[in-house]
Amino acid sequence: MEGQSQEVLFCDLEWTIEAVANLVKNGLDHTKEGGVVRVSWNRSPAVFRLCVEDNGCGIDGEDIHHIFEQFYRSKTSGDRQGAGLGLSLAKSIVEGQGGTLSVESRTGEGSIFRINFLI
C-alpha cells in the first residue's frame, strides 16, 4: 500500500471497501505466487485517485472491453473460481458514488485499475 495516510475520501465506506476488495481479489487471482498487487492513492486539486495494480497475466485485448459486464468470464479464466460479478459490482459501486473505474492492461505484464472521484 502506498499513499499519504492523512488523505480522506468522503464516500460510502462499506461499499467502497467492497469495490476495492473486488479489485484486489481480481489482482490476486491473476497474479502468480511471488507477484505483487499494489494499492496506491493520491489526491490532486480536482481528483482523488485510487489504483490497484498487479504484475499478473494481464487482460487479453478481446476481453478488456467486456470485463465490467455482469457474468463475463474470459476464456483464459480457466479453472479460477468466480461468477464474473466482482468487476461489474466494483464499477457499479464506484459509478453510483459519482466516480469512474477504468483499466489499463498488457497481456503478460499486468493490469492497473483506476478509481477516480472528483473532489
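Which residue takes a positive phi just after α3?

First, some ground rules. This is a predicted model, where local features need pLDDT of at least 70, side-chain atom pairs count only at pLDDT 80 or more, and totals for chains, interfaces and linings use all residues. Residues are numbered from 1 along each chain as its sequence is written, and side-chain values use heavy atoms, with hydrogens and water left out.

Let's begin with the sheet. Helices (H or I, at least four residues) and strands (E, at least two) are DSSP runs, numbered from the N terminus. Two strands pair if DSSP finds at least two bridges between them. Here 4 strands make an open sheet, in the order β1-β2-β4-β3, with antiparallel pairing. At the edges sit β1 (37–43) and β3 (100–106), each of which pairs on one side only. From one strand to the next, the twist averages 15 degrees; axes are lines fitted to C-alpha atoms, for helices over the stretch in contact, and angles run from 0 to 180 degrees between N-to-C directions.

Now look at β4, residues 110–118, which pairs with β3 over 7 bridges in the antiparallel sense. Along that pairing, Val103 stands opposite Phe113, and Ser105 stands opposite Ser111. The two strands form a hairpin with 3 residues between them, and Gly108 in the turn has a positive phi of about 80 degrees. With β2, strand β4 pairs over 8 bridges, again antiparallel; there, Cys51 has Arg114 of β4 as its bridge partner.

Is β4 mostly buried or exposed? Buried means under 20% relative accessible area, exposed over 50%, and partly exposed in between (1.4 Å probe, protein chains only). In β4, 7 of the 9 residues are buried, so the strand is largely enclosed by the rest of the structure.

One of its residues deserves a stop. Gly110 is found in β4 and is buried, with a relative accessible area of 8%. Contact means heavy atoms within 4.5 Å. Setting aside neighbours within four places in sequence, the contacts of Gly110 include Asp54, Gly56 and Glu104.

On to the helices. Helix α1 (residues 13–29) lies across β1, β2 (47–54), β3 and β4, at about 25 degrees to β2. Helix α3 (residues 86–96) lies across β3 and β4, at about 140 degrees to β3. The buried residues of α3 are Leu87, Ser88, Ala90, Ile93 and Val94, and they pack against α1, β3 and β4. And here is the answer I promised: just after α3, Gly98 takes a positive phi of about 85 degrees.

Last stop, the second largest pocket, with about 320 Å³ of space. On a 1 Å grid over the protein atoms alone, a pocket is an open set of points where a 1.4 Å probe fits, with protein on both sides within 12 Å along at least five of seven lines; lining residues have an atom within 4 Å of a point. Grid points are joined across faces, edges and corners, and a volume is the space filled by probe spheres set on the points. Of the 14 lining residues, the closest to the centre are Leu13, Thr16, Ile17, Val20 and Leu50. Helix α1 gives the most to this lining, with 5 residues. The lining divides into 12 nonpolar, 1 polar and 1 charged, where Ala, Val, Leu, Ile, Met, Phe, Trp, Tyr, Cys and Pro count as nonpolar, Asp, Glu, Lys and Arg as charged, and the others, Gly among them, as polar.
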